[in-house]
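Me: I am new to this structure and would like to learn how to read its features. Please give the general idea each time, and then the case at hand.

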Amino acid sequence: MAWLPGPFLCGALLGWVCLSAPGLAVEVKVPTEPLSAPVGTTAELTCSYSTSVGDNFALEWSFVQPGRPVSSSQPILYFTNGQLYPTGSKAERASLLQNPPTGGVATLKLTDVHPSDTGTYLCHVNNPPDFYTNGLGLINLTVLVPPNSPSCSQSGQTSVGGSAALRCSSSEGAPRPVYNWIRLGSSPTPPPGSMVQDEVSGRLILTNLSLVSSGTYRCVATNQMGSASCELTLSVTDPSKGRVAGAVIGVLLGVLFLSVAVFCLIRFQKDRRKKPKETYRGSDLREDATAPGIYEQTSVRADSNNGLLERPPSAGTVTTAKSKLPMVV
């Protein structure tokens with residue numbers, strides 16, 4: 001306790017020297033350890049003080065976001081002239097357990113805490129004419145939040161002999177979650193040194209990949225409030241097998257094309273055998289055909305031999321074949 005020079009007490013009659021009477025000082029005490037509260041619960045921040053409460057007594061609670069200076073604090077509530085005044089964005093959830101807070105304790109009660117309530121809370125007591133030795137107390141509060149479902153992703157060259165990076169990250173979680181990768185199933189575990197993970201960043205590095213590296217990997221994000229996970233399937237390919245498969249497919253396509261060509265050729269030969277060797281059009285004359293004029297004359301003579309009258313050729317009939325007998329004049 002500090003001492004304030006007060007009225008002089010002079011013991012002149014007794015020959016005493018003048019002494020100073022002790023005075024009071026404002027001193028605020030708060031917990032030295034950081035506080036924590038699960039999200040959605042009620043947090044109680046204890047602040048006690050020592051002073052002679054008078055008409056000028058004033059109390060103020062304020063809040064500073066993480067990483068910002070104390071001078072940028074925002075008021076939550078204050079007590080002055082016997083009245084309590086909640087203020088700011090936390091006014092509906094902030095109150096004092098002791099009202100009025102004139103008994104040496106001024107505990108702040110904050111209901112339904114949010115992640116945004118994480119930060120530094122200031123308890124400030126002012127009581128003139130008492131001077132200050134430690135009139136300000138600071139309390140760090142962390143609102144505990146379980147991690148949400150993390151997001152899994154991969155990058156790199158997922159072929160035999162290559163390297164891949166698996167990443168895992170949760171957008172929520174307080175305190176900050178740690179990450180652990182595990183491989184699912186009964187597949188052989190990759191050899192030591194080819195699988196390195198960072199629990200803080202959530203990254204898993206796989207080097208010198210082989211076909212046995214393929215499988216399902218699970219990332220688990222954990223903090224003191226709980227855990228959440230995501231899964232990712234890694235498929236390692238072998239380029240040499242791809243080339244062999246391409247060659248086999250090329251050969252099969254070639255055989256198929258050749259088979260189709262042979263089938264079409266055989267079909268064409270069969271269709272050709274079914275057609276007649278010679279096809280005659282209506283205007284073509286065969287070598288053994290009889291000329292029209294000769295045919296008619298021969299027919300008439302044949303009919304005369306059968307007792308029928310010979311019919312002279314009509315004027316419209318034209319003999320196209322020349323007679324081979326000599327003409328007699």
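Reply: Let us begin with strands: helices (H or I, at least four residues) and strands (E, at least two) are DSSP runs, numbered from the N terminus. Residues are numbered from 1 along each chain as its sequence is written. The model is predicted, so local features need pLDDT of at least 70 and side-chain atom pairs count only at pLDDT 80 or more, whereas totals for chains, interfaces and linings use all residues; side-chain values use heavy atoms, with hydrogens and water left out.

Me: Where is threonine 51 placed, and does it count as buried or exposed?

Reply: Buried means under 20% relative accessible area, exposed over 50%, and partly exposed in between (1.4 Å probe, protein chains only). Threonine 51 lies in the loop between β6 (48–50) and β7. Because its relative accessibility is 18%, threonine 51 counts as buried.

Me: With which side chain does the side chain of threonine 51 make a polar contact?

Reply: A polar contact is a pair of N or O atoms within 3.5 Å; within protein, one must be able to donate a hydrogen and the other to accept it, and residues adjacent in sequence count only if both atoms are side-chain atoms. Here the partner is the side chain of asparagine 127, at 2.7 Å.

Me: Where is alanine 106 found, and is it buried or exposed?

Reply: Alanine 106 belongs to the loop between β10 (94–96) and β11 (108–110). With a relative accessible area of 0%, alanine 106 is buried.

Me: What is the order of the strands in the open sheet of three strands?

Reply: Two strands pair if DSSP finds at least two bridges between them. The order is β17-β20-β21, with antiparallel pairing. Strands β17 (178–183) and β21 (226–234) stand at the edges with a single partner strand each, so one side of each has no neighbour in the sheet. Strand β20 (residues 215–223) pairs with β21 over nine bridges in the antiparallel sense, and threonine 216 stands opposite threonine 233 in β21.

Me: Which strand gives the most to the lining of the largest pocket?

Reply: Strand β8 gives the most, with three residues. On a 1 Å grid over the protein atoms alone, a pocket is an open set of points where a 1.4 Å probe fits, with protein on both sides within 12 Å along at least five of seven lines; lining residues have an atom within 4 Å of a point. Of the 15 lining residues, Phe63, Gln65, Gln74, Ser89 and Lys90 are the closest to the centre of the largest pocket.
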